[in-house]
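Hi,

Here is the model I promised to pass on. Have a look at it first, and my notes follow below.

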Amino acid sequence: KMEKGWKEKSITQGEVTLQKFNFTACNMSLPKNIFQQLGGFDTCFSDGEDFDFAVRAINKRIRIIYDRGIIAWHNDWPGIDTYIERDNEYTLAKQEIIKVHPDYLEYFPNMQIKEANKLKKAAAAIIRASIGKWVIAKNSILKILPLNVKFFLYRIVISSYSNINR
């Protein structure tokens, strides 16, 4: 569902710009000389190196064309616990990128991670201590709930385990 939603929100076709940004290295193809011209992926990043690469390419006026018809699909099917871990890795990666490139915030203000207030942190701690463990459990009764209820609970629990709520 998450992968499908990401595809539906993506631009349908055309040039990727900082204003219409949709890029991932999983379906990228480019000549080796352009990759080298841009210095390749920045190895100081543990994650998000493809995002940084694309921004650098756009800033050097290298055209990136997105074709929604070219399909790349993540086939890893993580559980919610793995998803939470990966979501937290993305948050940390954004922080790393912004430390190196604070100018990216001009086009991507949502990369600025704002720490949760005390009330939100307290609510997140209560969720983690109560329903959080139940939702994450492998053999949870959650499996029989209607899909919309299940995903509502997932969203609450995932946000309670985020780095900014700890």
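**Salt bridges and a few other things**

Searching the whole structure turns up four salt bridges (a side-chain nitrogen of Lys or Arg within 4 Å of a carboxyl oxygen of Asp or Glu). Bear in mind that this is a predicted model, where local features need pLDDT of at least 70, side-chain atom pairs count only at pLDDT 80 or more, and totals for chains, interfaces and linings use all residues. Residues are numbered from 1 along each chain as its sequence is written, and side-chain values use heavy atoms, with hydrogens and water left out.

One of the bridges pairs Asp-47 with Arg-86, the closest N and O atoms being 2.6 Å apart. It links distant parts of the chain: Asp-47 is in the loop between α2 (32-37) and α3 (49-59), Arg-86 is in helix α4, and 39 residues separate them. (Helices are DSSP runs of H or I, at least four residues, numbered from the N terminus.) Asp-47 counts as buried at 12% relative accessibility, while Arg-86 is partly exposed at 30% (buried is under 20% relative accessible area, exposed over 50%, partly exposed in between, with a 1.4 Å probe and protein chains only).

Arg-86 also bridges to Glu-89, with closest N and O atoms 2.8 Å apart; both lie in α4, three residues apart, about one turn of the helix. Glu-89 is partly exposed, at 34%.

Elsewhere, Glu-115 and Lys-121 meet in a salt bridge at 2.3 Å, N to O, and Glu-115 is exposed at 62%.

Cheers

Terms used:
Helix = DSSP H or I, 4+ residues; strand = E, 2+ residues; numbered from the N terminus.
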